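Morning, everyone. I have a structure to walk you through. Please bring it up on your screens.

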Amino acid sequence: MRYFEARGLTVDYDRVTAIKDISIGFDEGQIVALIGANGAGKTTTLRAITALSRLKAGEIWFEGEQIDRHAPAALVERGIAMVPEGRRVFPHMSIRDNLLMGAYTRKDKAGVARDLERILARFPRLEERFRQSAGTLSGGEQEMLVVGRALMAKPRLLLLDEPSLGLAPMVVRDIANLIVEINRDEGVSVILVEQNSRMALRISQYAYVLETGRIGLEGASADLLHNDHVKALYLGG
Amino acid sequence: MEQILVNGTILAANYALIALGITLIFSIMNVLNFAHGQMFMLGGLIVYYVCVVLHLPYALALIAAVVIVGLIGMLFEDVFFQRVMRISNREENTMLLAVGTSLLLENAALSLFGEKQRAIPPIVSGVYRIGNAFLPASRALVLVLSLVLIAAVLVFVNYTKTGRAMRALAQDRTATLLMGVDAKRISTLGFGLGAALAGVAGGLLISISGVNAGIGTAISTKAFIMIMIGGAGVISGSLLGAVVLGFAEAIGYALIPGSVTYLLIFVALIVFLLFRPQGIMGKPAA
């Protein structure tokens, strides 16, 4: 069994199948990308893993333990954090309170204080605005905040849903670098859902291409970057 | 003039407890608690029962009101609201449920305590004089207790982990779940806290103006006025709404007959809402 393994995930929304028979597996420390068109089921797959959507069929294993019966809160304690699409900071809360919300399940106060320092050192922009409402931040800063918030939970697996959505190309590059750094420095495995397929394939080791709720294609990211089908459909020719 | 200021301050502080409670419930659960006035009424009648019928000290009566009404709130949330919110996503269902719980509480109070206006003897004796105004010591005590409770709630919501989770839940439910928050537990606690605040407000006000089993709807209406003035779901707005209503009432009662006062307040509210439907501190609807 691999570090993370999802087998045959199937989710229905109002009796319409959203994803069917999705299987994903990877080893510790990898970045894995899920790419595909709008509505292909990328977000639903993440929501199924974090128990926000109910599985109709399938099972999920993480670090040798079956986790598909856990509630969302229990998964955070098990080391899985998700950054949802659209960033979703708590807009009327300070940067500080947003980050502390990330550490909600942790009991080690000293460790939380240490991680807060560490994350602020990584994101100096957030430190400058520590007491401001998160709603006043720019899109790129909000993305940094939600990644920092997720890291406050001390995850071993980080799920990122469309982190580049709505960001300027310069900022997308920063975010891509950030994901690589976190993966390298913190030893966090990453499942990355992206519309920006080129970015996702560049920074991941392995990728799955979702097509109308199923896995249409999978392989090493470097190979998919040069695959004619992927090029034509997802990399703009 | 000074007397109006004193009366307005006492009313505003008491109303702030009511408005804070209904705001907590509204922002966390997105439920407009139509039973808020009945919870207030129940708090008052519990204090009456413990003080007058059981002859126990006022402090104990107030604690009983907080605990019992708080538990009723938690029970309602856990047994009624959570279920209705799970099986239905139409907002009017929770509203109708809230109206139902208000009728339940009102009729329970009628059969337990009767319909008579109930009051309690003064908690402490003595009168302070501030300029030309008189402030009975028991009213001063009510004012101080209200202010302390308001401060305690604000500290809890702003500076504790559970309070932070309540604010987070009010802003983004999905993101809050992803932080590992047990949303059910926080909702139950929030509803309980909101109800307890209504109960303690009733338990305090009974020492000033008395309470009867039928007072609930009028109090709920006042609570709605306050959050409409201040902005629904905003804590600072609820406090502001309480100050505006408390002083409007104190000024009105001093200068014009009581029933005309509320007529004028309603007319002013309607005109105000035409220009600022989201309230003073509320965010405009997107």
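How many residues of chain A are in contact with chain B, and how many of chain B with chain A? The count is 20 residues of chain A against 14 residues of chain B. Keep in mind that this is a predicted model.

Stay on the chain A side of that contact. Helix H2 (72-77) and helix H3 (95-102) of chain A each supply at least two of the residues there. By class, the chain A side has 13 nonpolar residues, four polar and three charged.

Now the sheet in chain A. Four strands form an open sheet, in the order S2-S1-S4-S5, and the pairing is antiparallel. Which strands sit at the edges? Strand S2 (16-26) and strand S5 (65-66) of chain A do, each pairing on one side only. Look at the S5 end. Strand S4 (residues 57-62) of chain A pairs with S5(A) in the antiparallel sense, over two bridges. There, Trp61(A) stands opposite Gln66(A) of S5(A).

Next, two leucines in chain A. Leu126(A) is in helix H5 (residues 124-128) of chain A. Take Met144(A): 18 residues separate it from Leu126(A) in sequence, and the C-alpha atoms are 8.1 Å apart.

The second one is Leu158(A), in strand S7 (residues 157-161) of chain A. Leu158(A) has 24 C-beta neighbours inside 10 Å, so it counts as buried. Leaving out residues up to four places away, Leu158(A) touches Ala81(A), Ala150(A), Val188(A) and Val190(A). Ala81(A) is 77 residues away along the chain, yet its C-alpha atom is 5.1 Å from that of Leu158(A).

Over to chain B, and a helix pair. Helix H2 (residues 36-53) and helix H4 (residues 91-113) of chain B pack at about 20 degrees, with axes 9 Å apart. Why call them roughly parallel? Because angles under 35 degrees count as roughly parallel, H2(B) and H4(B) fall in that class. The crossing of H2(B) past H4(B) is left-handed.

Who makes the contact? From H2(B) come Gln38(B), Met39(B), Met41(B), Leu42(B) and Leu45(B). H4(B) brings Ser102(B), Leu105(B), Glu106(B), Ala109(B) and Phe113(B). Sorted by class, the contact has seven nonpolar residues, two polar and one charged.

That's my tour. Thanks.

How values were computed
Residues numbered from 1 in each chain as written. Chains lettered and ligands numbered in written order. Predicted model: local features only at pLDDT ≥ 70, side-chain atom pairs only at ≥ 80, totals over all residues. Contact = placed C-beta atoms within 7 Å. Nonpolar A, V, L, I, M, F, W, Y, C, P; charged D, E, K, R; others polar. Buried ≥ 20, exposed ≤ 12 C-beta atoms within 10 Å, placed from the backbone. Pairing = 2+ DSSP bridges. Axes fitted to C-alpha atoms, helices over the stretch in contact; angles between N-to-C directions. Parallel < 35°, antiparallel > 145°, perpendicular 65-115°, else oblique. Left-handed = near helix turned anticlockwise from the far one by under 90°.
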